[in-house]
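The text below starts with a single residue and then moves on to the ligands.

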Amino acid sequence: TYVVTENCIRCKFMDCVEVCPVDCFYAGENMLVINPDECIDCGVCEPECPAEAIFPDSDDRAAAWAETNTTYSKQWPNMTRKGQPPADAEEWKDKPDKAKLFSS
Ligand code: SF4
Ligand code: F3S
């Protein structure tokens, strides 16, 4: 599976949902996650994310976020269309240590 990581927090660009062939993204307050049971590992979302937030679960950067994706994809609503990103999304891009800002 692929995993959305902390780079998505407060960026939420949603280019990922536009390309996913199986609509397996789920949206929280300030980030999205992927349902690992639905992801078919096609990889097309990874290069689409302007915040470089998506990694395959084989990547070390995905490890800390895999459980968050599993848990919250069962609770958050499915997202299949790109909505309006936060007004300050560009400012949050590439900011480090956003994990503490996670909001469910
Ligand atoms: Fe969707 Fe493919 Fe990304 Fe999985 S890897 S979330 S199936 S676009
Ligand atoms: Fe997040 Fe990137 Fe998608 S910022 S919403 S993973 S395009």
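**Two residues and two ligands**

The model is a predicted one. Asp94 sits in the segment after helix H3 (89-92). Its backbone has a phi near 70°, a positive value in a residue other than glycine. Most residues other than glycine have a negative phi.

Met14 also has a positive phi, of about 70°, although it is not a glycine. Is Met14 buried or exposed? Met14 counts as buried, because it has 21 C-beta neighbours inside 10 Å, and the cut-off for a buried residue is 20 or more.

Next come the ligands. Which residues come nearest to ligand 1? They are Tyr2, Cys20, Cys39, Cys42 and Cys45, out of 13 residues around this ligand. Sorted by class, the shell around ligand 1 holds 11 nonpolar residues, one polar and one charged.

Ligand 2 is surrounded by 13 residues. The closest of them are Cys8, Cys11, Cys16, Cys49 and Ala51. How does the shell around ligand 2 divide by class, and how many residues are charged? There are 11 nonpolar residues, no polar ones and two charged.

Notes. Residues are numbered from 1 along each chain as its sequence is written. Chains are lettered from A and ligands numbered from 1 in the order in which they are written. This is a predicted model: local features need pLDDT of at least 70, side-chain atom pairs count only at pLDDT 80 or more; totals for chains, interfaces and linings use all residues. A residue is near a molecule or strand if its C-beta atom, placed from the backbone, lies within 6 Å of it. Ala, Val, Leu, Ile, Met, Phe, Trp, Tyr, Cys and Pro count as nonpolar, Asp, Glu, Lys and Arg as charged, and the others, Gly among them, as polar. A residue is buried if 20 or more other C-beta atoms lie within 10 Å of its own, exposed if 12 or fewer, and partly exposed in between; C-beta atoms are placed from the backbone. Helices (H or I, at least four residues) and strands (E, at least two) are DSSP runs, numbered from the N terminus.
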